[in-house]
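I set out to record what can be read from this structure, entry by entry.

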Amino acid sequence: MKDETEIIKKAINGENAAFGRLYDEYLPRIYRFVLLKTGRKADAEDLTHQIFMNAWQNISRYEFRGFPFSSWLYRIANNAVIDYYRTWKNFKPIEAAEEILTESSDNERFDEQMDLKIIKTAINKLEPDQQNVLIMKFVDDLSNKEIAEALEKSEGAVRVIQHRALKQLKNIVNNPELKEA
Amino acid sequence: MHEEIIKNLKKLRTIRPDEQFIKNSRGLILATYYTPNKLRITWPVLAWSAVAAFSVILIISLTLPRIQNSKILSSSLNRDKIEQELNNLTINIQLEQITYSQTISQTIASALTEISDTHTKHLNKNVLESEQKSLDGLDLQNSEIDRMLNQVIF
C-alpha cells in the first residue's frame, strides 16, 4: 500500500478516514483468511468485524518495525480464530466447504467449483499452522517475512511448515475417498 | 512439483465479503470514538514523573515542621482574645509592681528594725548609718500599694 506509513500515523492520531483506507485495503484478505479457517460465513463476518474494531481501538499500540500493517492485522485475526475454536466445539468442515463454495461465485464452472470444494476440505484437514501458512502465502500473497511476523515464528520455520503443508495437502487431495465425496 | 496444488489454492482468492456487510461494518467501526494517545507514556516519562513527585513530597515534609513551629502561624487573630491578653498583661504588670513594692517595704522595715535596735551589737554601725540615709525621703506609708491592692481585690 502506497504511503502506508503516513496513513497509519494519521490513524494513530485519531483520523478515522485514514483507518478507513486501511480497512478498505485489508478487509478482503482478512475476511478470506477467517472464512477459510472457520468455514462459516456468518461467523467469518462477525469475527472480521471484531478484528478490525479491535485494531481501530488499539491502533496506538502498533509499532513500526519494518513490517507491513497486514502482519499486525493477521496476528489479531489468528488470535481471534484461536478463541473462536475454543468456543466452537461442533465444527463441521465439510458443510463449511459447501457454504464457502456457494458464496464464492455463481459463475464458476462446475469443475472449478469442485476443485475449490476439494481444496477447501483438504485445507481443513491440516494442522492450524499449516493452514495459516498456506492461506497467507498462496491465497493472500504474503511474503515469508510477513508470515513469520504475523505468526511470531522464524522465516526458516515458515518455510519448513510450508513444505510439509503442501506435501500433506497433495496427499489429501489425491486421496480417492475425498474425490468421491 | 506442487504447482497444481498452488494453482488451486490461488483460486480461493475469488472469495470476497458481501458489499452490504462491508458497508455496515465499516460504518460502525469508524463511528466508534477513538481517543488518540497523544502523550505516549514511556518509561523515561514515568521515571521523571516519579522523581518530580518524590521531590515535591520531600520538600513539603522538610518545610512543614518549621512552618508549624512558627509563632506567627500559632497566633490567634481573634480580637476578643487579643483584648483579654492585653488585660491580663496589664494586671500582671500591676501585680508585679505590687510584689516589688511589698518586697521593698519589707526590706525597709527590716532595716529600720535593725537600726532602732540599739541592743544588737553585731551590726556594723557604718552600714546602719548609710542605710538610714537612704531611707530619708521615703514615704513609709505607701498609698500606691494600697490603691493597687484595692483594684486587684475588688
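**Confidence**

I looked up the confidence of chain A first: its pLDDT averages 85, and 84% of its residues score at least 70. I note that this is a predicted model. For chain B I found a mean pLDDT of 74, with 64% of its residues reaching 70 or more. For the model I noted an ipTM of 0.81 and a pTM of 0.60.

Over residues 94-98 of chain A, pLDDT stays under 50, and the model has eight contacts for them beyond four places in sequence.

**Fold of chain A**

I counted ten helices and zero strands in chain A. Read from the N terminus, the order of elements is α-α-α-α-α-α-α-α-α-α. Chain A has 181 residues, of which 38% count as buried. I then took the contacts in chain A between residues at least 6 apart in sequence, and 66% of them join residues at least 24 apart.

**Helix α8 of chain A**

Is α8(A) largely enclosed by the rest of the structure, or open to the outside? I found six of its eight residues buried, so α8(A) is largely enclosed. The buried residues are A:Glu146, A:Ile147, A:Ala148, A:Glu149, A:Ala150 and A:Leu151. I looked up what covers them, and the cover includes α4, α7 and α9 of chain A.

I then examined the pairing with α4 of chain A. The axes of α4 (residues 69-87) and α8 (residues 144-151) of chain A come within 8 Å and cross at roughly 40 degrees. That angle makes α4(A) oblique to α8(A). I recorded the crossing of the two helices as right-handed. On the α4(A) side the meeting residues are A:Ser70, A:Ser71, A:Tyr74, A:Arg75 and A:Asn78, and on the α8(A) side they are A:Glu146, A:Glu149, A:Ala150 and A:Leu151.

**Loops on either side of α8**

I checked the backbone for positive phi values outside glycine. A:Asp141 has a positive phi near 65 degrees, and I placed A:Asp141 in the loop between α7 and α8 of chain A. A:Asp141 has 11 other C-beta atoms within 10 Å and is exposed, because the limit for exposed is 12 or fewer.

A:Glu152 follows α8(A) and lies in the loop between α8 and α9 of chain A. A:Glu152 is not a glycine, yet its phi is positive, about 55 degrees. With 10 C-beta neighbours inside 10 Å, A:Glu152 also counts as exposed.

**Contact between the chains**

How many residues of chain A are in contact with chain B? I found 34 residues of chain A in contact with 23 residues of chain B. On the chain A side, α2 (16-38), α3 (41-57), α5 (93-104), α6 (110-123), α7 (128-139) and α9 (155-173) each supply at least two residues. The largest share, ten residues, comes from α2(A). By class, I noted 20 nonpolar, nine polar and five charged residues on the side of chain A that touches chain B.

Technical notes:
Residues numbered from 1 in each chain as written. Chains lettered and ligands numbered in written order. Predicted model: local features only at pLDDT ≥ 70, side-chain atom pairs only at ≥ 80, totals over all residues. Axes fitted to C-alpha atoms, helices over the stretch in contact; angles between N-to-C directions. Helix = DSSP H or I, 4+ residues; strand = E, 2+ residues; numbered from the N terminus. Parallel < 35°, antiparallel > 145°, perpendicular 65-115°, else oblique. Left-handed = near helix turned anticlockwise from the far one by under 90°. Contact = placed C-beta atoms within 7 Å. Nonpolar A, V, L, I, M, F, W, Y, C, P; charged D, E, K, R; others polar. Buried ≥ 20, exposed ≤ 12 C-beta atoms within 10 Å, placed from the backbone. pLDDT = per-residue confidence, 0-100.
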